[in-house]
Amino acid sequence: MKRRHLPIVLFVLVVLAAPYFLSDFRIALTNYIGLYALVALGLVLLTGIGGLTSFGQAAFVGLGAYVTAYLSTVHGVSPWINLLVGLGLTLLLAYVIGFVTLRMSGHFLPLATIAWGISLYYLFGNLDMLGGNTGISGIPALKIISWEIRSEREFYYLIWVVLLLAMLAVRNLLDSRAGRAIRALKGGVVMAESFGVNTPRAKMAVFLIAALTAAISGWLYAHLQRFVNPTPFSLTQGIEFLFMAVVGGIGHVWGAIAGALVVTELKQRLQDLLPGLLGQSGNFEIIFFGIAMVLILQWARHGLWSLILRLARRIAPNRSWRRPLAPSGPLPRRSLPASGTVLLEVKEVSKYFGGLAANQKMSLNVKAGEVMALIGPNGAGKSTLFNCISAVNPADGGEIKFLDERIDALSAREIARRGMSRTFQHVRLLQQMTVLENVAIGAHLRGRRGVLAAAMRLNRTEEAGLLAEAARQIERVGLTEHLFDPAGSLALGKQRIVEIARALASDPCLLLLDEPAAGLRHMEKQALAELLRKLRAEDIGILLVEHDMDFVMGLADRVVVMEFGEKLAEGLPQEIQENPLVLEAYLGGVE
Ligand code: ADP
Ligand code: MG
């Protein structure tokens, strides 16, 4: 057995053995913990990893519960069909809500989920068809072939098997092409789009998955209780789910269970304890939870699970994720234009920030198999021009052609697909992810497998190909020793080199490098220059912004000089070095 499977195996053993030790009361409680953990798992993915907050998950739980409650009692439909209907309806509703809210910025989604949570809650309570506030009783027991799942103990196994499968699916997903796209949502949207990731789609995917796990939990709940009413699906419960995810460790799959366990246990104890202490009955635990939530967000933002992880690593340093990569042949490559072909044509591009003309009628071109250097003092507008070309921040005027096609109206994603790739002056790596995974994001467009395939591990061949490609590019830039290190642990200079590997992983014909040599030592700069020469010899076109003049002049075939957003000069390195205008502007005059 591989060491990384150990936690799962242990977990399964504990789950299997637990019913022999637990009292009926404990089993009942554990069932709820499992149901809550299923919802929290969705939130770990949505909020912890995707960075999208939802307070409305309880409404999706309610949807799953009410669909089966209604259909099975009123129309006698089989619970299993109801599960499908419930999931279908959830998908549809979540899609509509997501479609409206996900494209809006930051806090619209949480607000919308609150609104949606409240309105569905009142709908459950006010529809006569659904029994109003008294709800629906007489929901049939679940039956698997001839096994009627009636007792809490029987239900226990069903709930925990479902939870375990869901956890495995989420883990598989996160460890894949689609998963890396999802993990880029928090803080890496611009970068991800530049490598062809459809980030709105990735957001929608996590939103739908979270809604579905909630609905499954609701379906199980209805058949466990055999009765539903609106109370457990209120906004309060929605907030409690979020609380569980936060307490457990919002970025960790296992955190969902930890959070559900701790919050449920704590609530139980507090409900017994607080009214006695305060001499009054009431839901005082809610106040306690509110305060705890604030404290945790302030001081233990990463939750229980990361504490447990840190402890575990101290006891037994875990290197099991440094698993050898599955061998895989090279990925298919695009055919590169012949040396000398004009790849990029920038014509009179302008870009304004309010009154500031950051680029004014800037023109330049880059050919296959050449290094074109773009130089100029700080604030001249070089990075702005990069952003115009790669559509990170599109131009206000002018024309940009790539491979003879106008691209100035295209999205970053579409431009990436055509073979342009870039690095960022302010490094945009996902700091927690390994160097390997960061570089694999560069190869996003060279794979196709999506969320479902990843969850079911049908993506292994493709995944091996993408990771092997990433590893090859990392080797090419000389960072193999850091393959499995978190990108954020590298020195800034090396992080820039990781950015180059990531750009190369996309198999580009044009590379835009924004100050790649900044922060490098002399030897490292030489290695970088060597690499760029090799790429040039392979007929890749390179547009390079760099301040180190020795580096630039020793490498570039042509140079464009910018000042105050405008082109000051263009020519061979020798000509530029002797151009009095350039010397005056760039070097502040010469003797
Ligand atoms: P360079 O890369 O040549 O050092 P930049 O392109 O980063 O220069 O910046 C050019 C000018 O545009 C600077 O004056 C900078 O302050 C301004 N600028 C760049 N990006 C923005 C932005 N997003 N909003 C407002 N001003 C910006
Ligand atoms: Mg810059």
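Modeller: Let's start with a term: a residue counts as buried when its relative accessible area is under 20%. Keep in mind that we are reading a predicted model.

Colleague: Thanks! How does Cys388 come out, buried or exposed?

Modeller: The relative accessibility of Cys388 is 4%, so Cys388 counts as buried.

Colleague: And Cys509, buried or exposed?

Modeller: Cys509 is buried too, at a relative accessible area of 1%.

Colleague: How many disulfides does the structure hold?

Modeller: First the general idea: a disulfide is a covalent bond that links the sulfur atoms of two cysteines. Here the count is zero. For Cys388, the nearest cysteine sulfur belongs to Cys509 and is 20 Å away. Seen from the other end, Cys509 has the sulfur of Cys388 as its nearest, 20 Å away. A pair would need its sulfur atoms within 2.5 Å, so neither cysteine is in a disulfide.

Colleague: Now the sheet, please. In what order do the four strands of the open sheet run?

Modeller: Read across, the order is β6-β5-β8-β9, with antiparallel pairing. At the edges sit β6 (356–367) and β9 (405–406), each of which pairs on one side only.

Colleague: How many bridges join β5 to β6?

Modeller: Eight bridges connect β5, residues 342–353, with β6, and the two strands run antiparallel. As an example to look up, Val342 has Lys367 in β6 as its bridge partner.

Colleague: Which strands does helix α14 lie across?

Modeller: Helix α14, residues 382–389, lies across β5, β6 and β8 (397–402). Relative to β5, helix α14 runs at about 115°.

Notes. Residues numbered from 1 in each chain as written. Chains lettered and ligands numbered in written order. Predicted model: local features only at pLDDT ≥ 70, side-chain atom pairs only at ≥ 80, totals over all residues. Heavy atoms only, no water. Pairing = 2+ DSSP bridges. Contact = heavy atoms within 4.5 Å. Axes fitted to C-alpha atoms, helices over the stretch in contact; angles between N-to-C directions. Buried < 20%, exposed > 50% of the residue type's maximum accessible area, 1.4 Å probe, protein only.
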